[in-house]
Amino acid sequence: MPTTRRQFLSLAGGVTVAGTIPVVTLRPLEATPAMLTSAIRSVVGEAQLRTGKVKLDIPPLVENGNTVPMTVSVASPMTADDHVKSIHVFNEKNPQPNIGNFYFGPASGRAQVSTRIRLADTQKVVAIARLSDDTFWQVAADVVVTLAACTEEMN
Amino acid sequence: MPALINVPAKAKRGDVIEIRTLTSHIMETGFRHTADGKLVPRDIITSFICRYNGAEVFRADLFPAIAANPYLSFFTVARESGKFEFEWIGDNGYSSTASTSIMVE
């Protein structure tokens with residue numbers, strides 16, 4: 001049967017509609033690219049990395065990846081015996097896996113840091129805290145980015 | 001002085017206070033190309049240190065994934081009156097400092 005004009009248009013229209021639907025990325029939660037894994041290993045070493053304790057506040061959907069507000073905090077008494085030594089933040093799909101390392105001590109009073117970061121793509125952000133007993137705790141957040149940073153041309 | 005610092009002018013001894021800093025810097029990632037294909041060399045701030053009466057209370061290593069004009073907010077315990085000193089160090093010999101004082105009662 002030859003395709004009628006009506007059938008063709010409805011088909012083409014359907015494709016266009018499908019094309020405007022945001023791309024849904026289905027990724028296994030634990031599948032992290034090798035660069036991210038090795039960057040995390042260089043901080044954690046062979047120590048066990050547990051999930052919890054760390055809180056990562058980052059918008060789940062950002063329009064502009066050039067400046068994304070982010071706050072990382074850990075509930076800790078911040079005493080000499082029990083405090084957070086450092087917080088390390090990583091990303092999955094920027095050209096480089098590191099975002100920042102932040103160092104604290106008992107004089108910090110509160111283990112919390114806020115900054116603004118760049119995200120080159122829709123991806124996972126991972127925050128890892130090192131406590132004074134040298135245990136490592138992590139949290140991950142997925143961020144959807146509609147305008148990517150870093151890779152655009154410079155005029 | 002291309003930095004904005006926000007520290008409370010007065011605090012009670014033992015209070016946990018927030019310190020906010022914003023400095024002006026391009027934070028060129030080193031991953032961008034010009035229209036004719038040349039790589040734009042990296043030019044970022046790599047390190048930030050905050051000292052309270054000479055003692056380090058907060059330090060950060062920054063990477064190209066930190067947005068232009070780096071903003072950092074963190075906390076410290078107000079122990080005594082004195083001075084906060086801030087230092088930013090970066091590529092191509094970049095160095096910038098700022099300071100502010102606090103009254104602790």
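1. Basis of the model. Residues are numbered from 1 along each chain as its sequence is written, while chains are lettered from A and ligands numbered from 1 in the order in which they are written. Because the model is predicted, local features need pLDDT of at least 70 and side-chain atom pairs count only at pLDDT 80 or more, whereas totals for chains, interfaces and linings use all residues.

2. Make-up of chain A. Chain A contains 2 helices and 9 strands, where helices (H or I, at least four residues) and strands (E, at least two) are DSSP runs numbered from the N terminus. Along the sequence their pattern is α-α-β-β-β-β-β-β-β-β-β. Of the 155 residues of chain A, 34% are buried, a residue being buried if 20 or more other C-beta atoms lie within 10 Å of its own, exposed if 12 or fewer, and partly exposed in between, with C-beta atoms placed from the backbone. Among the contacts in chain A with a separation of 6 or more, 68% come from residues 24 or more positions apart.

3. The contact between the chains. Chain B contributes 28 residues to the contact and chain A contributes 31 residues. On the side of chain B that touches chain A, strand S5 (55–62) and strand S6 (71–77) of chain B each supply at least two residues. The residues of that side of chain B divide into 20 nonpolar, 5 polar and 3 charged, with Ala, Val, Leu, Ile, Met, Phe, Trp, Tyr, Cys and Pro counted as nonpolar, Asp, Glu, Lys and Arg as charged, and the others, Gly among them, as polar.

4. An open sheet of 6 strands has the order S2(A)-S4(A)-S7(A)-S6(B)-S3(B)-S1(B), with antiparallel pairing; two strands pair if DSSP finds at least two bridges between them. S2 of chain A and strand S1 (3–6) of chain B stand at the edges, each with a single partner strand, so one side of each is left without a neighbour in the sheet. Across the chain boundary, strand S7 (residues 111–117) of chain A and S6(B) run antiparallel and are joined by 2 bridges, and Ser114(A) stands opposite Ser73(B) in S6(B). Within chain A, strand S4 (residues 68–74) and S7(A) run antiparallel and are joined by 7 bridges; Ser73(A) has Gln112(A) as its bridge partner in S7(A).

5. Pairing within chain B. Strand S4 (residues 45–52) and strand S7 (residues 82–90) of chain B pair in the antiparallel sense over 7 bridges, with Glu87(B) in S7(B) as the bridge partner of Ile49(B). S7(B) is also joined by 8 bridges to strand S8 (residues 95–104) of chain B, again antiparallel, and here the bridge partner of Glu87(B) is Thr97(B). The hairpin of S7(B) and S8(B) has 4 residues between the strands, and in this hairpin Asn92(B) takes a positive phi near 55 degrees.

6. Leaving aside neighbours within four places in sequence, Ile117(A) is in contact with residues of both chains, including Val68(A), Ile99(A), Ala65(B) and Ile66(B).

7. Residues to look at individually. Most residues other than glycine have a negative phi. Lys53(A), however, has a positive phi of about 65 degrees although it is not a glycine, and its place is in the loop between strand S1 (49–51) and strand S2 (54–57) of chain A. Asn69(B), also not a glycine, has a positive phi of about 55 degrees and lies in the loop between S5 and S6 of chain B. Asp121(A) lies in the loop between S7 and S8 of chain A and touches Lys93(A), Val145(A) and Ala148(A), not counting residues up to four places away in sequence.

Terms used:
Contact = placed C-beta atoms within 7 Å.
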